[in-house]
Structures are given as C-alpha cells and as structure tokens.
Amino acid sequence: MDSPGLVVHGKAESFSTALRSLVNNPRYSDVRFVVGQEQQEIFAHRCLLACRCNFFQRLLGTEPGPGVPSPVVLSTVPTEAFLAVLEFLYTNSVKLHRHSVLEVLTAAVEYGLEELRELCLQFVVKVLDVELVCEALQVAVTFGLGPLQEHCVAFIEAHSQEALRTRGFLELSAAALLPLLRSDKLCVDEAELVGAARSWARVGAAVLERPVAEVAAPVVKELRLALLAPVELSALEEQNRQEPLIPVEQIVEAWKCHALRRGDEARGTPCRRRKGTLPREHHRFLDLAFK
C-alpha cells in the first residue's frame, strides 16, 4: 500500500518573480485589453486571468476565433490600477501607492477580488491624510465599505477645518457629506461649516448645472443654525436672500429657538453643540449640550 504523498514547496520568491515578468508581456499573450481614457494596450494571458478571477472568467469565457482576436475594452479603469490588478492576479502580491490606491481598491471591488480589496483597505488606513480622506470617504460610501467609512469620518472629525478646505470635500456626493454634517464630533464651528456647505453646493451646482439650493437640499437640513448668534443669523439670512441655500422655514426655526430661549422647545431645530462649536452668549439657554 502506497504511503500518502507529501506536498513540498519550492521557493515562492523565484516563482513570483517569473510570473511578474509576464505582466503586460506580449510574449505568449492571448488576450489584449484597451484600458483607460488613454486607451493603453495591455497584454495578458487568458487562462491565468480566468482561473484567478470570476469576473475575467465570465468576460473571457468564449474562445477567440481564428486570426487576431479583438481587444477587450475597459475604458473606466485607469491604466495604473489595471496593471496593479494584473500584478496581484499573477503574483498574489501588489505594490500599492498612495496616489492610486483608491483606484486599485475600486477595481478590486468591481472585479470581486476580496483579498486585493482587503490589502487596499489596510494600506489606505495606513496612509490616510487630510488630502486623501474625503476621496476615501467617497469610495467607502459608494461601495458600502462600512469600516473604511467609519475610519474616514473619525479622521475628519479630528481634522475638520483642514479637511473642509480640500478639493476632495468639494467633490463629495450628498450621501457622503451627510454622515459628516450629522456628527457631533466635528472640530469646527457652525459658521465655518455653513460656509463650507455653501462652497460645496456651488461646486455641485456648476458641475450638475442645477440651482445651488436644489443641490444643497439633501444635506442642508443638518446644519445647526440655532447655534449661530443673532447677528450671524441675520447675516446668513441676508446672504440667503441673495443666493438661496437654506429653506426659509429652517431659518425661521432657528429664530424661534432664539426667541423661546429653549432648545427643546424649537422642535425640528438642531441645537446640539458640536465638539468645535465656539461658545456664544445664547448657548446657555440650549438644553442639548455636546456629549
């Protein structure tokens, strides 16, 4: 009776190096991709992609006919990100960069590469900074990456003023901006937050060719206008007449809070102070303190 066999392993490094040499190598290649807006031609090997990734298995499922096969067009994935995906599929390792990791993460999610997705998430958390965090938050919200979203929100809460001034903040979707405006832990005063929301809405209005107030409608209700002093609220009201941003009813509710001098009496008006709210004389009448 034969004894059971034993699996022995050679050196993984030399194996990985050999396979890495095939990434985007036309030698023995039997499939071509045209990738990104630059329409970069990328060479690959059908059997390797198909056995490593269900997405490519479905995409490359039909056998190519005689002659030179037509290239597979993938116009939405950037070239650098696609090459990183190929590197991972060929070698089960990948070199990630701060400037492109979110694009690689997006591709990993879209192609169903869970291991690559987790590697990207770990890397993003390590390199997260003020310039990257809003872009990372947008990716997290878009693809339902809850832990990454929580990490990004916590980072922005701790670096609120800097994050609000980034281009990434201005490019957030309404769905990504909402969890920020609902946070009690933002280290920013409400007056500055109102200004940031206005800048965000202006950018969105220009891109979408829609009125500022229409773009702002899904998020502006989360602004806590009752935290503003009367003189600030008056100035906001005047600015709102010139450039509508906030529903008149919301401003009226803020004035009601001032008139009643009790935050809990002005139902529907957020009166809870945030971590970065600067003190104002009327705050002593608000029942809902920051927690």
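User: Where is Asn 92 found?
Analyst: Asn 92 is in the loop between helix H4 (79-91) and H5. Helices here are DSSP runs of H or I with at least four residues, numbered from the N terminus.

User: What are the ground rules for this model?
Analyst: It is a predicted model: local features need pLDDT of at least 70, side-chain atom pairs count only at pLDDT 80 or more, and totals for chains, interfaces and linings use all residues. Residues are numbered from 1 along each chain as its sequence is written, and side-chain values use heavy atoms, with hydrogens and water left out.

User: Back to Asn 92. What is its phi?
Analyst: Positive, about 60°, although Asn 92 is not a glycine.

User: And how accessible is Asn 92?
Analyst: Asn 92 has 38% relative accessibility, so it counts as partly exposed. The scale: buried is under 20% relative accessible area, exposed is over 50%, and partly exposed is in between (1.4 Å probe, protein chains only).

User: What about phi of Glu 209?
Analyst: Phi of Glu 209 is near 55°, again a positive value in a residue other than glycine. Glu 209 sits in the loop between helix H12 (190-208) and helix H13 (212-220).

User: Is Glu 209 buried or exposed?
Analyst: Glu 209 is exposed, at 72% relative accessibility.

User: Switching to charges. How many salt bridges?
Analyst: The count is 18 salt bridges. The rule is a side-chain nitrogen of Lys or Arg within 4 Å of a carboxyl oxygen of Asp or Glu.

User: What does Arg 98 meet in a salt bridge?
Analyst: Asp 129, at 3.0 Å from N to O. Arg 98 lies in the loop between H4 and H5, and Asp 129 in the loop between helix H6 (114-127) and helix H7 (130-143), so the pair ties together parts that are 31 residues apart in sequence.

User: How accessible are those two, Arg 98 and Asp 129?
Analyst: Arg 98 is partly exposed at 33%. Asp 129 is partly exposed too, at 25%.

User: Which side chain meets Arg 280?
Analyst: Glu 232, in a 2.6 Å salt bridge, N to O. This pair links distant parts of the chain, 48 residues apart: Arg 280 is in the segment after helix H15 (248-260), while Glu 232 is in helix H14 (residues 230-242).

User: Is Arg 280 buried or exposed?
Analyst: Arg 280 is buried, at 13% relative accessibility. Glu 232 is partly exposed, at 26%.

User: How far apart in helix H14 are Glu 238 and Arg 241?
Analyst: Three residues, about one turn of the helix. The side chains of Glu 238 and Arg 241 form a salt bridge at 2.8 Å, N to O. Glu 238 is partly exposed at 37%, and Arg 241 is exposed at 56%.

User: Which residues are linked in a network of salt bridges?
Analyst: Asp 184, Arg 224 and Arg 272.

User: Which residues gather in the patch of negative charge?
Analyst: Glu 80, Glu 103, Glu 131 and Glu 135, on the surface. Patches are made of residues with over 30% relative accessible area and no salt bridge, with like charges joined within 9 Å. Charges are placed at CD of Glu.

User: Last topic. How is the chain divided into domains?
Analyst: Domain 1 is 13-59 + 69-96, and domain 2 is 188-290. The bounds come from an automatic or database domain assignment. The C-alpha centres of domain 1 and domain 2 are 50 Å apart.

Key
Patches are made of residues with over 30% relative accessible area and no salt bridge: like charges are joined within 9 Å, nonpolar side chains (Val, Leu, Ile, Met, Phe, Trp, Tyr) within 5 Å. Accessible areas come from the Shrake-Rupley method with a 1.4 Å probe; for residues, only the protein chains shown count as cover. Lys and Arg count as positive and Asp and Glu as negative; His and the chain ends are not counted. Helices (H or I, at least four residues) and strands (E, at least two) are DSSP runs, numbered from the N terminus.
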